Amino acid sequence: MKRAASCSCGQLSITADGEPVKISACHCRACQRRTGSAFGVAVFFHADQMETAGVSTSYVRWGDSGKSVEFSFCPACGSTVFWIPEFRKELVAVALGCFADPSSLIPHPSSLAPTQSVYEESRLEGVSFDLT
Ligand SMILES: [Zn+2]
Ligand SMILES: [Zn+2]
């Protein structure tokens, strides 16, 4: 199954062919700042499943592990669409909310649960998941 994700204005997109490896909710302060939301949700695919289109600007952030993550965002509207973690270079993470149909990625349609939830120490009160 092919699924397309794009930025707010639509010029930057990425298409994933096949099923995701994992879906990860991240409560770290950097994801909170990047998204402006309570947490970020990354849908990880193998890099060879992906095809990008459009112009992107990248921002490299160094994580607590000392490894970098390279974020690709739209220079026109600012949406971060996808990112590549140095610690697992064979994977590409795509922002859940950028998909045309985010609900098609949820393994169990009865819940919006990600498969993992990380940086729980900065998780805001009131945010909780039943992990799938
Ligand atoms: Zn855009
Ligand atoms: Zn994070």
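**View 1. Strand 8 and strand 9 make a hairpin with five residues between them.** This is a predicted model: local features need pLDDT of at least 70, side-chain atom pairs count only at pLDDT 80 or more, and totals for chains, interfaces and linings use all residues. Residues are numbered from 1 along each chain as its sequence is written, while chains are lettered from A and ligands numbered from 1 in the order in which they are written. Helices (H or I, at least four residues) and strands (E, at least two) are DSSP runs, numbered from the N terminus. Strand 9 covers residues 91-95 and runs antiparallel to strand 8, with two bridges joining them. Two strands count as paired if DSSP finds at least two bridges between them. Look for Phe82: its bridge partner in strand 9 is Val94.

**View 2. Strand 7 and strand 8 form a hairpin with six residues between them.** Strand 7 spans residues 68-73 and strand 8 spans residues 80-85. They pair in the antiparallel sense over five bridges. Phe73 has Thr80 in strand 8 as its bridge partner. In the turn sits Gly78, with a positive phi of about 90 degrees.

**View 3. Three strands build an open sheet in the order 1-2-5.** The pairing is antiparallel. Strand 1 (2-6) and strand 5 (50-53) are the edge strands, each pairing on one side only. Neighbouring strands of this sheet are turned by 20 degrees against each other on average, direction ignored. Here the axes are lines fitted to C-alpha atoms, for helices over the stretch in contact, and angles run from 0 to 180 degrees between N-to-C directions.

**View 4. Strand 1 meets strand 2 (residues 13-17) through five bridges.** The two run antiparallel. Arg3 stands opposite Ala16 in strand 2. In a regular strand the side chains alternate between the two faces of the sheet.

**View 5. The whole protein holds one helix and 10 strands.** From the N terminus, the elements run β-β-β-α-β-β-β-β-β-β-β. The radius of gyration, taken over C-alpha atoms, is 14 Å, close to the 14 Å from the globule rule for 132 residues, so the protein is as compact as a globular protein of that length. That rule is 2.2 Å times the number of residues to the power 0.38. The C-alpha trace spans about 35 × 35 × 25 Å along its principal axes.
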